Structures are given as C-alpha cells and as structure tokens.
Amino acid sequence: MSEHTAPTPGLDAAEIAEPGAVTVVVPTFNESANIRRLLRLITESVPARLPCEVVFVDDSTDDTPEVIRAAAQDCPFPVAVLHRAEPVGGLGGAVVEGIKAATSEWIVVMDGDCQHPPSLIPELVATGERANAGLVVASRYIEGGSRAGLAGGYRVTVSRGATWLTKALFPRRLHGISDPMSGFFAIRRSAVSAEVLKPLGYKILLELAVRSRPGRVAEVPFVFQDRFAGESKSTAQEGFRFLRHLAGLRTASPVARMVGFGLIGASGFVPNLVGLWALTALGTHYVPAEILANQLGVAWNFLLIEQLLFRDRRAHRRRWDRLGRFALLANADLVLRIPLIALLVGRFGMGALPATALALAMTFVLRFVGTEALVYLPRRRGSRARRAA
Ligand code: GDD
Ligand code: MN
C-alpha cells in the first residue's frame, strides 16, 4: 500500500481528487471465526490510493483479540485492537472508543460478522467527498438495498417498527436518513463531537445523527448479508436498552423532559387508583387508603423517572437519598395544593374549577423544577470540576 509512484508526467496533480484517508472501526464481541474473512474482504476492497487503517474495539470473552493480532500480520494496512476491560455502553460505547482513536479524515463503522459488505467502503467515502457530506449512511431501505440477511419475520417486524418509531420521534434530525438503525456508515471525523455522545447499546448511528448533528447527509444502498459465522449478540435486553436510549435522546432538552415528567406523572394514576381500590376493598378507611395509594403512584413515578429521564444524573446522590427527596416533593405537592386552591378562591375570587386547574399546573411545575434541582442536579463542587475539564 505504501508504494509511492511519481506523478505521471503531463497529469496535473491538482486534478486528481484527494481521496482522504479512512479508519475502519469494527466493534467485536466474540467474533473470532469472522475476523480472517473480514480482513481479507477489506484488503480486497480498499484500493491502494485510499490510505486505510482498521481499529477493532473488542469486548470479547473468547480469543478474538489474539485472532485479530495474528490475522493482522497478513494485512497491507495497520490493524489495531483496543480490548476494553469493561464493555461500557456496549456496541455503541465501543464504536465511540474507536472513533476517538481514529486518525483519518473519514471513519467507516461496520460490524465484524461480514453482514456489511466491505466492498462498499470506498463508495461510502467517495460519496461523502462528492456530496460534501458529514455522514454517509449505508441504507437497506433505498432502491438497490435490502435486508436479506435479517433473520426471520420477527426481526424484520421489530426492525420496521423501531425504524418507524424512531423516525416519528426525530423527524428533523433524521431527515434524509431512511435507515437510522443501520450499523454501517461513514462519518467525517470533523463532524463528530465525541464529548456530547452518550452511547447506549446498538444504535450508534442514531446517537451520532441526533447528538452530533453531522450536517449534510448522503445515502448509499446496501444489501444486508447473512452472518458469516456465529450468531447475533442482540437480545431482548438489548431491546429495552434501545427504548431507554430513545427516551434519553428524546428528553435531552428541559422542555421535552418536562413533557416526559408530565406523562410519567399521569401514568402514575393507574397504580394509585388500583392501590386505592385494593385497600378500600380490604376495608381500609379511605383517608389512610388515599395516603398509602398515593405512595404507590410515587414509587411508580420514581422508578420510571429514574430509568427514562434522569438515567445519567443519578450518580450524584445515593438511591435512598433520591427516593426520599422525590417522595417528599411529591407529598408536599399534595399538601400544598389544597391551601393553594383555598388562597386562589378566597383571595383572588377564582372559581373552584379554574383554581384547581391552576393549582395543579403550578404544583406540577414546582415539582418538576424541584425534582431537577433538589434530586438530580449535580452538586456544586462536581459541576465546577466538570466545567474546568
Ligand atoms: N465491542 C462490542 N461490544 N461489540 C459488540 C457488542 C458489545 O457489547 N455487541 C455486539 N457487538 C458487535 C458484534 O460482535 C458485531 O461485530 C456487531 O457488533 C453487530 O452485532 P450483531 O449481534 O451481529 O448485531 P445484529 O446483526 O443483530 O445487528 C446489526 O444489524 C442491525 C441492522 O442493521 C447491528 O449493526 C445493528 O446495529 C443494526 O441495527
Ligand atoms: Mn450481525
């Protein structure tokens, strides 16, 4: 690859488009049987004029790293293995590590099981150069592409539903991306702001498109191949991780978080009413029953809020501390509401209904702001340290 020939006489060097170099980032988890074939296909695909390096980011428990090191001996380009002691963020976390280690102008991310045809690597980069794009997605859903290798009707249905839901949640950010679930794409290094990324599981393209905003997007069709060896590492647990990832992305802004907070709060009526029904059926007086049932709603809200809204802000306090503060705020809300309504009616002459609506809205906003500030805000020292970093 490092054969340098003198420019052909008569050919103006400036006329030859600068191809840009590429770093291929491959996340691997127990893929030893696929490595040799993958590296051979990459070798056959990447022309000598396109400088290339391959970075494997590995979380394997088998001998994949050793297999990679051995196979690298036969490669005409540099091959690196970053083996992680802890698989933080799973597949997406691995890809971000690889992106940080990449030195080329272009980064191509692809799976290690040969489902993504390496023959497309030069085309992804060339398309990006031609379209002056920051991101080029290999898509199964444009003409010429297909998802032939997606095993079984179940996976196809899930994949379709997930694509639809995701596009519906991010219509603007995903404009021009027909396949936001794809794990095969090229991104310009300058278009990645690694420090804003919070990768969680498989959908790293979605993470990049929503948080990094890579600018102009192009697409290239591809046929999703059959896995060469081994089996998919995707599990039902990975499906839940995806839903959490979606929730985290969608509630990144305070306004969106407040809407989420309200929806979760409304869903808390269900356990609250069920609890009330059960307790009164057991013969509990309705006043203690109300109070107890309300705690059920509070617990439900706390669980959902922790999982979906403040996942990445839980570390500042211990769980019991958070739960205590959250419960205190929720109950203060109840205790406050009645005197507030009395004030609005008695002092300001409002009708009972608008006064109740206003009091509900006010205590809701107070509760949201209080939860953000008193339960999940990083403590002062921490925030100063982060700002300095
Ligand atoms: N480092 C690391 N850590 N790699 C992982 C991990 C992990 O925790 N989990 C999976 N991988 C690697 C696998 O070894 C493989 O190289 C690649 O990530 C994709 O994993 P698969 O398990 O083969 O995924 P899939 O075929 O079910 O799904 C792929 O195709 C989907 C449809 O395009 C992925 O690319 C998905 O992101 C994609 O949505
Ligand atoms: Mn696969």
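What we have here is a predicted model, where local features need pLDDT of at least 70 and side-chain atom pairs count only at pLDDT 80 or more, while totals for chains, interfaces and linings use all residues. Residues are numbered from 1 along each chain as its sequence is written, chains are lettered from A and ligands numbered from 1 in the order in which they are written, and side-chain values use heavy atoms, with hydrogens and water left out.

Helix H1 comes up now. Helices here are DSSP runs of H or I with at least four residues, strands are runs of E with at least two, and both are numbered from the N terminus. Which residues of H1 are buried? They are Asn-34, Ile-35, Leu-38, Leu-39, Leu-41, Ile-42 and Ser-45. Looking down the axis of H1, those buried residues fall within an arc of 165°, so they line one face of the helix; the arc is taken from the directions from the helix axis to the C-beta atoms. Here's the background: an α-helix has 3.6 residues a turn, so residues three or four places apart point the same way. On the face of H1 turned away from the buried side you'll find the exposed residues Ala-33 and Glu-44. Thr-43 is also in H1, and with a relative accessible area of 28% Thr-43 is partly exposed.

On to ligand 1. Around it sit 25 residues, each with a heavy atom within 4 Å of it. The closest are Glu-31, Asp-111, Met-181, Lys-203 and Lys-233. Now some polar contacts, meaning pairs of N or O atoms within 3.5 Å; within protein, one must be able to donate a hydrogen and the other to accept it, and residues adjacent in sequence count only if both atoms are side-chain atoms. A polar backbone atom of Met-181 is 2.5 Å from an oxygen atom of ligand 1. For Lys-203, an N or O atom of the side chain is 2.6 Å from a ligand 1 oxygen, and for Tyr-202 a polar side-chain atom lies 2.9 Å from one.

Last stop, His-116, in the loop between strand E4 (106-109) and helix H4 (121-131). Buried or exposed? At 1% relative accessibility, His-116 is buried. A polar atom of the His-116 side chain lies 3.0 Å from the backbone nitrogen of Asp-111.

Technical notes
Buried < 20%, exposed > 50% of the residue type's maximum accessible area, 1.4 Å probe, protein only.
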